[in-house]
Amino acid sequence: MVFLRTSEKAGSCFIRTDQLDGETDWKLKVAVSCTQRLPALGDLFSINAYVYAQKPQLDIHSFEGTFTRCQQREQKPCLPGASGEGAGALLDNARQEDSDPPIHESLSIENTLWASTVVASGTVIGVVIYTGKETRSVMNTSNPKNKVGLLDLELNRLTKALFVALVALSVVMVTLQGFVGPWYRNLFRFLLLFSYIIPVSLRVNLDMGKAAYGWMIMKDENIPGTVVRTSTIPEELGRLVYLLTDKTGTLTQNEMIFKRLHLGTVSYGTDTMDEIQSHIINSYSQMHSQASGNTTSSTLPRKAQSSAPKVRKSVSSRIHEAVKAIALCHNVTPVYEPRASVGGETEFAEADQDLSDENRTYQASSPDEVALVQWTESVGLTLVSRDLTSMQLKTPSGHILTYCILQMFPFTSESKRMGIIVRDEATAEITFYMKGADIVMSTIVQYNDWLEEECGNMAREGLRTLVVAKRMLTEEQYQDFESRYSQAKLSLHDRALKVAAVVESLEREMELLCLTGVEDQLQADVRPTLELLRNAGVKIWMLTGDKLETATCIAKSSHLVSRTQDIHIFRPVTSRGEAHLELNAFRRKHDCALVISGDSLEVCLRYYEHEFVELACQCPAVVCCRCSPTQKAHIVKLLQQHTGRRTCAIGDGGNDVSMIQAADCGIGIEGKEGKQASLAADFSLTQFRHVGRLLVVHGRSSYKRSAALGQFVMHRGLIISTMQAVFSSVFYFASVPLYQGFLMVGYATIYTMFPVFSLVLDQDVKPEMALLYPELYKDLTKGRSLSFKTFLIWVLISIYQGGVLMFGALLLFESEFVHVVAISFTALILTELLMVALTVRTWHWLMVVAEFLSLGCYVASLAFLSEYFGSGRVSFGAFLDVAFVTTATFLWKVSAITLVSCLPLYVLKYLKRKLSPPSYSKLTS
């Protein structure tokens, strides 16, 4: 909505935008001045005005519109009456001379309040423009898609192949029969007999496996508070190649701390702040003692120190000047929480509040500035109040110094600096203070030999640096500047350029006061986690809504970009030609990190999408700054389309939701910005550092286990179908089942279910090893654990074993052919149990229990199901007596068949481990 009026005197209010752009600092918004000036709230309904606004857009950082107030003659008499004297009357006079031109005001982003932002101070009234689907927050969210893991897709492909094999096998059988009689009926009978080829239990086993992995992740004590919100994609965690992370609140805590003040000759760190405090207290106490004698001269306090040595004097006064500059040059407003105890006596409350320090909080559009002002408070110079025209500082002794704000030049990403011109009420001195990035300030300040070097030193420590400078102005200089400045502001063409030129006329030969270093604290263990992920072959991209400088600084301090690497900062481009040149310049560089802003990215993607993504994917690290929520999601989708690799997005605010939902695997962190991201994500963590363990340990083992489980379930179906095929071919291609009802049901469930499912407990290396050697994770991205190659190996094993079991049973049992079923089925169950044992890499006590439990179930069922062990119609109703099962012949024949079917595989496995061991076995041996 467009912001018309507020209860705050200044005509401005603060809003919180953390759910829109992820930044936790408050933004200052200004009311439309012609409605803010209206004398009473009710007058809003009596004016005739309209708003022109641009059509709904995605960009949350811009807005263009105009506010037009039409004045009708009939309304004239009622306005002065309503307002008495004052603004209304003046407006009225102006109107009568002029033939009522409408008042136009331009509306920009600072006159708007978007949906899903929160008003943090005062109350506001506005006119709503965008609702429902047109609001910025809704336009920046995307519909969530159903996520399907890569493993599931691969298994689906294999299942399709198996289905084709099933049909082919049935057709072959019917063909060999010679299409005799009602062959199509036989075809369907074969389809039913061989239907075990299609692993129906695969889905059940896998879904139960996924639930088990989720449970293990939530129960892991090393990553407490982790919540698995989806049961479909735990294996995805083992296949990730790109990790896209948010910065604010994910990599950093979003808490700024003042770390260092450098005055050229002397540097103060966190442990020496008390010296600064004593200097400030001394200089102000001397100032007051002098001031009480003589108010006009401001040079007196310096002379008062004549007894002290010369160096000391200069340091003390320089500290005084520097701290005063930091306390004045900013855009911070102190906010007081209203006291509950005072009932209605607001004036008393106002006076009361000025004294209370606990009640005060600072608000600004950048957390760096708040950190600076909080620091000046800690050394004794406190900002107590501020409005649009003045600000007040409190000295250590409790005196209030008032400064009148003459001009403000706000920070922009182009100028990279902010300035303020203030007049000291006591001495009437006019000073121009300025602070900004070292790149722009180094040309503005007087020549010195230390600034560049010290800025480099601080940047290497991961501190954000700001250079503070000042220039004293005489009254004449200021008046001259003001007239030129207001003239430039009224010009219609190239206004921005003209205003900048006038301001630059002041920015010459400024006196360098100090250099400040502020640290944005990283989350715990961010550096080792990023290091771990990089070694695991994961490429990390940082997508943030923050400024380019900050993003680059954090990329360095979090070691996202290693110290030796070059950083290529992509210049702002607006047209196709510029983008082409810039991409060519980038192509020439090798192995350097890329930093690009959202709008340049947009241009590159419009014209050179394929080339840009290809180049960016070769970079070790990519940082995109000033990204809107939709852009983040767009980048994720691009990576998926162009590389075909699995992506993971991790964030903590409402602005990361669309990115989290677009990625193959979304991780949300419960942070200061609320729970929106963690609720929309597939996995929710409490800290960024848990990502390492989640991927390298849980992701890796989930994928490995599911791959083994899936292939084993397929093997289980294939082996029994092979036996059926052999049986049918021996008996003149009769479509007769080998095993009757319950045996088939029991085979897939009670006899082999537990051991096969116990594969979900298997692990090839211990979690500690997986964390120590993240390189193991790299192998998984190639997808070698489950591919057509491994699948064919399993198919061959199944055919070999099925053939051996069936032919063995037929060979050894010429005489008592009745017992074929009993012998082959017993051998089959034993083979399955031994194969599970062969597949397992690390034994778990539950696996052993499962093996013996299944064997026990089978032996127990032999007694009950004796009638099933004759081979149905073929055996002419001859049943199996328990006596035969207990004979020695039965036992040795079963053992012989089982040995033939399993021993070669054990030998092959042993040889393979000796001759070409897998990467993990080299670590465990």
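**Buried charges, paired rings and a covered strand**

Glu-236 and Arg-646 are both buried, where buried stands for under 20% relative accessible area, exposed for over 50%, and partly exposed for anything in between (1.4 Å probe, protein chains only). The model is a predicted one, in which local features need pLDDT of at least 70 and side-chain atom pairs count only at pLDDT 80 or more, while totals for chains, interfaces and linings use all residues. Residues are numbered from 1 along each chain as its sequence is written, and side-chain values use heavy atoms, with hydrogens and water left out.

Side chains of opposite charge can pair when their charged atoms come close. The element names follow DSSP runs numbered from the N terminus, with helices (H or I) of at least four residues and strands (E) of at least two.

A search of the whole structure finds 29 salt bridges. One of them joins the side chains of Lys-210 and Glu-235, with 2.8 Å from N to O. Lys-210 belongs to helix α8 (residues 201-219), whereas Glu-235 belongs to the loop between β9 (227-228) and β10 (240-245), so this pair ties together parts that are 25 residues apart in sequence. Lys-210 counts as buried because its relative accessibility is 2%, and Glu-235 counts as buried because its relative accessibility is also 2%.

Another salt bridge connects Asp-762 with Arg-841, the closest N and O atoms being 3.3 Å apart. Here too the pair links distant parts of the chain, with Asp-762 in the loop between α27 (753-757) and α28 (767-772) and Arg-841 in the loop between α31 (820-839) and α32 (845-864), 79 residues apart. The two partners fall into separate classes of accessibility: Asp-762, at 2%, counts as buried, while Arg-841, at 28%, counts as partly exposed. Salt bridges that share partners also build a network, which joins Asp-152, Arg-203, Asp-207, Lys-210 and Glu-235.

A pair of aromatic rings is described by the distance of the centres and the angle of the planes. The structure holds 21 aromatic pairs, a pair being two rings of Phe, Tyr or Trp (its six-membered ring) whose centres lie within 6.5 Å, with planes under 30 degrees apart counted as stacked, over 60 as edge-to-face and the rest as tilted. In one of these pairs the rings of Phe-63 and Tyr-130 have centres 6.5 Å apart and planes at 80°, so the arrangement is edge-to-face. Phe-63 lies in the loop between β4 (48-53) and β5 (65-70), and Tyr-130 in the loop between β8 (124-127) and α5 (136-139), so that distant parts of the chain, 67 residues apart, are linked. Both Phe-63 and Tyr-130 are buried.

Phe-825 and Tyr-858 form a tilted aromatic pair, with 5.9 Å from centre to centre and 45° between the planes. Since Phe-825 lies in helix α31 and Tyr-858 in helix α32, the pair ties together parts that are 33 residues apart in sequence. Phe-825 counts as buried at 0% relative accessibility, and Tyr-858 is buried with a relative accessible area of 3%. Elsewhere, one aromatic cluster is formed by Phe-409, Phe-432, Tyr-478, Phe-481 and Tyr-485.

In a regular strand the side chains alternate between the two faces of the sheet. Strand β13 (residues 333-336) is covered on both faces, with Thr-333 and Val-335 buried on one side and Pro-334 and Tyr-336 buried on the other. The strand β13 pairs with β14 (residues 360-363) in the antiparallel sense over four bridges, where pairing requires at least two bridges found by DSSP between the strands. The bridge partner of Thr-333 in β14 is Gln-363.

Ile-660 lies in helix α23 (residues 657-662) and is buried, with a relative accessible area of 0%. Leaving aside residues up to four places away in sequence, Ile-660 touches several others, including Lys-147, Ala-649, Gly-666 and Ala-677, contact meaning heavy atoms within 4.5 Å.

Technical notes: Salt bridge = Lys/Arg side-chain N within 4 Å of Asp/Glu carboxyl O.
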